[in-house]
Amino acid sequence: MGSLIKAYQNVLQRRPFITSAVSSFTLFAAGDVIAQQLVEKNGIKGHDWVRTARLGLYGGLIFTPVVLPWYRVIDRVSFASKPASIAAKVVLDQFLFAPFAVGLFFTSTTLMEGKTLDDVKAKLDKSYVSTVKANWMLFVPFQTINMGFVPLQHRLLAVNVISLFWNTYLSLASAAGTEPPKQSIEKKGEEIKVVV
């Protein structure tokens, strides 16, 4: 395992953009596979491989070129106090960049499906606010750790790893146009059971 990490670090130093783009592609696509197989239970025959490719392409070709320069910009934020520097970076990342990134995700993936700008607006009206709020619940604490302790060159990878679960959520939100259901009702004979 140590040699794999060392090899990754060497490739990342030599080709930071390509390495980050491939990592993002892989983990965004993996998030969609988890969404389709473990949550939606589509099975291999019912798997939408175009959707998986679309999410992977978004991660590698749209998300990475936007996030890498952003991390370099906010890494320059510095105060005399390390906690103040970390807090400022997290505030910038989560309250300036994250709302933009969520909008970019829904806009890009909707257009990649061949839909119209009216469809983009409908998707944003349905999913944007709840997705930004869900993002804050996960990423404010995570980015506090990431910005405080993870070296700049590894921050995107750290985000991509935690994003495996986030990408599953995004895939479900993008595919359904709404948040994944919080509960469902199953009726068996006369018994009604609420599953949360």
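Guide: What follows is a conversation about the terms used for this structure and the values behind them.

Guide: This is a predicted model, in which local features need pLDDT of at least 70 and side-chain atom pairs count only at pLDDT 80 or more, while totals for chains, interfaces and linings use all residues. Residues are numbered from 1 along each chain as its sequence is written, and side-chain values use heavy atoms, with hydrogens and water left out.

Visitor: Why is asparagine 167 called buried?

Guide: Buried means under 20% relative accessible area, exposed means over 50%, and partly exposed lies in between, with a 1.4 Å probe and protein chains only. Asparagine 167 has 0% relative accessibility, and therefore counts as buried. The residue lies in helix α7, residues 152-176, and, leaving aside residues up to four places away in sequence, it touches Leu27, Phe28 and Gly31, where contact means heavy atoms within 4.5 Å.

Visitor: What makes methionine 112 partly exposed?

Guide: Its relative accessible area is 32%, so methionine 112 falls in the partly exposed class. Methionine 112 belongs to helix α5, and together with Phe25, Leu57 and Leu61 it forms a nonpolar surface patch that has about 350 Å² of accessible area.

Visitor: Why is the pair of tyrosine 58 and phenylalanine 63 called tilted?

Guide: Rings of Phe, Tyr and Trp (its six-membered ring) pair if their centres lie within 6.5 Å, and planes under 30 degrees apart count as stacked, over 60 as edge-to-face and the rest as tilted. A search of the whole structure finds eleven aromatic pairs. For tyrosine 58 and phenylalanine 63 the centres are 6.3 Å apart and the planes stand at 40°, so this pair is tilted. Tyrosine 58 is buried at 2% relative accessible area, and phenylalanine 63 is buried at 11%.

Visitor: What makes the pair of phenylalanine 139 and tryptophan 166 edge-to-face?

Guide: Their ring centres are 5.8 Å apart and their planes stand at 90°, so the pair is edge-to-face. The pair links distant parts of the chain, with phenylalanine 139 in helix α6 (residues 117-149) and tryptophan 166 in helix α7, 27 residues apart. Phenylalanine 139, at 5% relative accessibility, counts as buried, and so does tryptophan 166, at 9%.

Visitor: How do you know that helix α5 bends at phenylalanine 97?

Guide: The bend at a residue is the angle between axes fitted to the seven residues ending there and the seven starting there. For helix α5, residues 82-112, that angle is about 40° at phenylalanine 97, and proline 99 follows within four residues.

Conventions: Helices (H or I, at least four residues) and strands (E, at least two) are DSSP runs, numbered from the N terminus. Patches are made of residues with over 30% relative accessible area and no salt bridge: like charges are joined within 9 Å, nonpolar side chains (Val, Leu, Ile, Met, Phe, Trp, Tyr) within 5 Å. Accessible areas come from the Shrake-Rupley method with a 1.4 Å probe; for residues, only the protein chains shown count as cover. A salt bridge is a side-chain nitrogen of Lys or Arg within 4 Å of a carboxyl oxygen of Asp or Glu.
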